[in-house]
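Grab a pencil and work through these exercises with the structure open beside you. Try each task before you read its solution.

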Amino acid sequence: MEITLKHLTKAFPGDAKKNMPDTIAVNDLNIQVKDGELIGLLGPSGCGKSTTLYMIAGLKQPTDGEIWFGDEEVTHLSPEKRGIGLVFQNYALYPHLTVYDNVAFPLTNLKVLTEEKCHKLIAVRHKRELLSHAEEIVDIIKHALYKNKISKELAIQKLIAKFKTITSIASYLFKLKLHTAKDLQATVDKEIESLNAQEQKILDSLAKKNKKVDEEGFLLDENGQRIQVKRTLRKDEIDALVQEASRLVMISEYLARKPSELSGGQQQRVAIARALVKKPKVLLLDEPLSNLDARLRIQTREEIRRIQQETKITTVFVTHDQDEAMSICDDIVVMKDGVEMQKDHPQAMYDNPKNLFVAKFLGVPPINVFEGKIKDHKVYLGTECILESEKLTEDKDIYVAIRPEGFLPANGKNVFTINVKEIITQGRDKSLIAEHGSMTGEQVKVIIDSDVKVDVGPFALSLRLNKVFLFDHESEERIEF
Ligand code: ATP
């Protein structure tokens, strides 16, 4: 499902009595998220990321602008009618419910338009199909051991996982006691005979009531079309959806636990399963990893990427962590004060920042920013000319931003000299902490090959020009050279 934001704006009114001015949290945002894409909203605290997400969710009403899901305008639709799944940073699970009931919660009392089927017939046929795997069933049950004894719960869990089936059918397979049968084939044959008889009885009963079903067990009207009904979901249908979502986020083995018996990462996966269980068209994630420790954050973000790619669900992911956004998003929107600064592929944005804010926001260690000037087509840092280009036609003050990996030992005429204070060698690379009179921050950070010989004190460098960006001093917009 494609998402389009048109001139989206949100102003929060101030309070004159408390001298609180109005806040324009989101200002004329125009974004298109393609179907199946994972987009990251990235920016510092207060830049309007969450407000944007909540407007897409329908939890906040825009002051101006429109929100479209595909061809449908949803600006004024309630959250329930938008078909979204929402995950917050604090999981928001119900502590007194099991994981299973937490995931199932959005489905209870939910009325859906569905094609009516003959559940009994489908179940009988499904059971019969599974009995063709009798040896595997026996093997699974015999290996579902807890304290050296076969555990019914574990066996059911493993049967569900193996055959992607539901709890009631897995329980039926366990109760057949195939694992204790003296003659497995004879037991299976007898059961299949009984299932055949049950199937015939169901078909006879349908025929008596003049009801027709297709091959897959869906009920048909007089024109041979599948019958649609609006109703709440049956227990088995809820179970199928819960099992499917749980499989996807890999929490099937925890379904009987309470949320407090899970790690933070597992709880967050439960929250994601709960958001996915209704099969939403759009998944909205608000800083979903911020309560996790560093290792779990990396693991869980990769999980989110996998889940998103498996489901191909259009996803908007809010984060203030550039590393997070860069590693999993197809596209990133960097925001500042409610305004879009740039929208691009993560690497393209790193390689081609449109303005100083984006250049500074992306990259670890951060980009080095110097006060410089353009004079006679040449760029100066202090008295040293670091580059020249005929494209630089206007003499003016500028910012010169150089990525830490943008330096080489001096080669050629355009060099600039830093005062090296500290040298840290880490495997392949050497990090230099240095000073320079034109630096806007405190220290220059340089990463060069560990083979380069450097001593503390003045050190002359050349530049990799594709790692150097020039910005207008006033507008902070990029100047090409
Ligand atoms: P964070 O990363 O800290 O969550 P954010 O980028 O998600 O920040 P928002 O929560 O969208 O930012 O807030 C954007 C701006 O709107 C902030 O200046 C915030 O103070 C303001 N704001 C948010 N909600 C309200 C509100 N209900 N009333 C007034 N101002 C609000």
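**Exercise 1.** Is cysteine 118 buried or exposed?

*Solution.* First, a word on the model. It is a predicted one, where local features need pLDDT of at least 70 and side-chain atom pairs count only at pLDDT 80 or more, while totals for chains, interfaces and linings use all residues. Residues are numbered from 1 along each chain as its sequence is written, and side-chain values use heavy atoms, with hydrogens and water left out.

Now the cysteine. Buried means under 20% relative accessible area, exposed over 50%, and partly exposed in between (1.4 Å probe, protein chains only). Cysteine 118 has a relative accessible area of 11%, so it is buried. Cysteine 385 comes out at 15%, so it is buried too. As for disulfides (cysteine sulfur atoms paired within 2.5 Å), a search of the whole structure turns up zero.

**Exercise 2.** Describe helix α10: its span, its buried residues and what covers them.

*Solution.* Helices (H or I, at least four residues) and strands (E, at least two) are DSSP runs, numbered from the N terminus. Helix α10 covers residues 294–311, 18 residues in total. From first C-alpha to last it reaches 26 Å, close to the 26 Å expected, where the expected span is 1.5 Å times one less than the number of residues.

Then go inside. Among the buried residues of α10 are Leu296, Arg301, Glu303, Ile304 and Ile307. Their cover includes β3 (38–42), α8 (235–249), α9 (264–276) and β14 (314–319). Just past the helix, lysine 312 has a positive phi of about 55 degrees.

Leucine 276 is in contact (heavy atoms within 4.5 Å) with Leu248, Val249, Leu283, Ile307 and Ile313, leaving aside neighbours within four places in sequence.

**Exercise 3.** Where does lysine 354 sit, and which residues does lysine 354 touch?

*Solution.* Lysine 354 is in the loop between α12 (346–351) and α13 (356–361). Its relative accessibility is 44%, so it counts as partly exposed. Not counting residues up to four places away in sequence, lysine 354 touches Met341, Gln342, Phe471, Glu477 and Arg478. Finally, compare lysine 354 with glutamate 115: they are 239 residues apart in sequence and 51 Å apart in space, C-alpha to C-alpha.

**Exercise 4.** Which side chain makes a polar contact with the side chain of aspartate 214?

*Solution.* Find aspartate 214 in the loop between β10 (212–213) and β11 (219–220). The partner is arginine 226, at 2.9 Å.

Note on methods. Polar contact = N/O pair within 3.5 Å; in protein donor to acceptor, adjacent residues only side chain to side chain.
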